[in-house]
Amino acid sequence: MITLRSLLLPHRIAMMVVFAALVLWCAFTLRWDWIPKYAPLAAEGIWRTIWILAVTTVLGFLLAIPLGLAQAIGPWYLAAPARTFCTVIRGTPLLLQIWLLYYGLGSLFPQFPWIRESELWPYLRQAWPYAVLALTLSYAGYEGEVMRGAFAGVARGQIEAAEAFGMPRFTMFRRIWLPQAIQSALPTLGGETILQLKATPLVATIAIVESYAVASRVRQDTFIVYEPLLLLAVVYMVIAGILAFAFRKLEQRVPVKGH
Amino acid sequence: MTAKTAADSVRPAAEPADEAIRVVDLHKSFGNLEVLKGVSLTASKGDVVTLIGGSGSGKSTCLRCINFLENPTSGRIVIGGEEIAIRADGTPASRKQIERIRSRLGMVFQAFNLWTHRTLLENVTEVPIHVLGVPKDEAHDRAMALLERVGLAGKADTYPSFLSGGQQQRAAIARALAIDPSVMLFDEPTSALDPELVGEVLSVIRDLAAEGRTMLLVTHEMKFAREVSNHVIYLSEGRIEEEGPPEQVFGTPQSDRLKQFLKSVA
């Protein structure tokens, strides 16, 4: 717990002074004159980072639920493919997955006239569907494994109590099993979501202009290297901080004794 | 109030109107281990039937077969005149039927099994609202009255992990009462409690017995069993060794095994 008194301890004051000096030094000796010109582009890039993160984590998590469930209690013909999927995703670099989807699928699709003539073609020609798909599958692969453990970890007695009162299976899943599994997985999910945030710059390699790509653009245009990267680091830290805070709030919704 | 051995309990189809539970020739095996070797019992409305016996005697398994938390290997189970349809492998034939019958049986577990992600109030309203379709306000008011009754109205918004075992078990009893059960099933309700907390739970159960609730009780509390039951069944190695009114079973036990058992728990 941070109190005013604890902030006034001598070593804390010293650290705050050093930090303030560092910020001031950065503000006055480094070059920030490029900011006004690139601000609109930067805002767009940050927005795109947040948007990609939100869409891929939500979709990925929705996929992770059946992936985890299949591995936890599914018959072998569901469990085996789910386990294979998670193993492959977790065993290969995300960069490779993005490129395989973008350059692989992306070059396969145009060979089929019916795809080129379909309603979806204007989207399939762009890069972002492949980026969203790759990041979604990646998150689903990791979180499928997390949810497998979370589903298996819900105490047998909790399920049994629901059964004993005649709760239909789906109600039991929705009201008891899933919420408890998510609750126990939240600390891990929070960390994984921050990892996902830090994986988003990889989509810049397939020409999507998110935060990192904006910093690269500034470097290419102006030969200013450090300042955009410093600002980028601050942007990621702020988003990561907000995520950590949000997940902590979610965890605290069900208070647990001793925490 | 009768409880008979397998041979004479296979009665004609006409059910007495006040019959609450009838179990006929119940067998249950786990692999090669036969835990129940033909148990039959009947409880009429208002009866308190207690199952006693050593560890491994099958008394908990017998209780758990009644609402199919364990699938019996063979036998018949009739709840309130309705026989549960069973497939050849012992699983209930109709999910709908078993859900309907379960929602009339109020189960209280040894380990309480309150839902840890819900407050006490939510634990008590969960089944009425989401299984029985009771309107929220009504379920809420009734739940508050039940929590009041078990002395936990002040803890309605507390999560189970913050409560003592005795408080959790009393809340679990309120949860079971919330469905207005035709029969309450107690599976060793005080076995997981610290000795000083047993009394508060027994006193709640005693009140329920006094108001004429039908109950099937598995317990190690012999004094309590003698006090509240009107029929006691002593199970040994999966069979009913001896049964009768509590004065008889506890006062003048016939079989050597029961005498030995009563001596060992005294």
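**View 1. B:Asp25 sits in a strand of chain B.**
B:Asp25 belongs to strand β1 of chain B, which covers residues 19-30. Everything shown in these views comes from a predicted model. Take a look at the backbone here: B:Asp25 is not a glycine, yet its phi is positive, at about 50 degrees. Is this residue buried, exposed or partly exposed? With 18 other C-beta atoms within 10 Å, B:Asp25 is partly exposed, because a residue needs 20 or more such atoms to be buried and 12 or fewer to be exposed.

**View 2. B:Glu237 lies in a loop between two strands.**
Here we visit the loop of chain B that runs between β9 (231-236) and β10 (239-244). B:Glu237 is found in this loop, and its phi is near 50 degrees, a positive value in a residue other than glycine. How many other C-beta atoms lie within 10 Å of B:Glu237? There are 15, so B:Glu237 counts as partly exposed.

**View 3. Six strands of chain B form an open sheet.**
To follow this sheet across, read the strands of chain B in the order β6-β7-β8-β3-β9-β10. The sheet is open, and its pairing is mixed. Which strands stand at the edges? They are β6 (105-108) and β10 of chain B, and each has a single partner strand, so one side of each is left without a neighbour in the sheet. Going from one strand to the next, the twist averages 15 degrees.

**View 4. Strands β3 and β8 of chain B run in parallel.**
This view moves in on one pair from the sheet. Strand β3 (residues 48-53) and strand β8 (residues 215-218), both of chain B, are joined by four bridges in the parallel sense. For one of the residues here, the partner can be named: B:Val48 has B:Met215, in β8 of chain B, as its bridge partner.

**View 5. B:Thr50 is a buried residue of strand β3.**
Staying with strand β3 of chain B, we now pick out B:Thr50, which lies in that strand. Why does B:Thr50 count as buried? It has 26 C-beta neighbours inside 10 Å, and a residue is buried because 20 or more other C-beta atoms lie within that distance. Leaving aside residues up to four places away in sequence, B:Thr50 touches B:Leu217, B:Thr219, B:Ala225, B:Ser229 and B:Val232.

**View 6. Helix α5 of chain A has three named buried residues.**
Now we cross to chain A. Its helix α5 takes in residues 94-108, which makes 15 residues. From the first C-alpha to the last, helix α5 of chain A reaches 20 Å, close to the 21 Å expected at 1.5 Å a residue. Which residues of this helix are buried? They are A:Gln97, A:Ile98 and A:Tyr102. Among the elements that cover these buried residues is α8 (128-153) of chain A.

**View 7. Chain B touches chain A.**
Here the two chains meet. The contact takes 20 residues from chain A and 21 residues from chain B. Within the side of chain B that touches chain A, α3 (95-102) and α4 (120-130) of chain B each supply at least two residues. What kinds of residue make up that side of chain B? It divides into 10 nonpolar, seven polar and four charged residues.

**View 8. Each chain on its own.**
Stepping back, here is chain A as a whole. Chain A has 12 helices and zero strands. Its radius of gyration is 23 Å, whereas a compact globule of 259 residues would have one near 18 Å. The C-alpha trace of chain A spans about 70 × 65 × 30 Å along its principal axes, and buried residues make up 27% of the chain.

Chain B has 10 helices and 10 strands. Its radius of gyration is 18 Å, which agrees with the value near 18 Å for a compact globule of 266 residues. Along its principal axes, the C-alpha trace of chain B spans about 50 × 45 × 35 Å. Buried residues make up 47% of chain B.

Notes:
Residues are numbered from 1 along each chain as its sequence is written. Chains are lettered from A and ligands numbered from 1 in the order in which they are written. This is a predicted model: local features need pLDDT of at least 70, side-chain atom pairs count only at pLDDT 80 or more; totals for chains, interfaces and linings use all residues. Two residues are in contact if their C-beta atoms, placed from the backbone, lie within 7 Å. Ala, Val, Leu, Ile, Met, Phe, Trp, Tyr, Cys and Pro count as nonpolar, Asp, Glu, Lys and Arg as charged, and the others, Gly among them, as polar. The expected span of a helix is 1.5 Å times one less than its number of residues. The radius of gyration is taken over C-alpha atoms; the globule rule is 2.2 Å times the number of residues to the power 0.38. Two strands pair if DSSP finds at least two bridges between them. Axes are lines fitted to C-alpha atoms, for helices over the stretch in contact, and angles run from 0 to 180 degrees between N-to-C directions.
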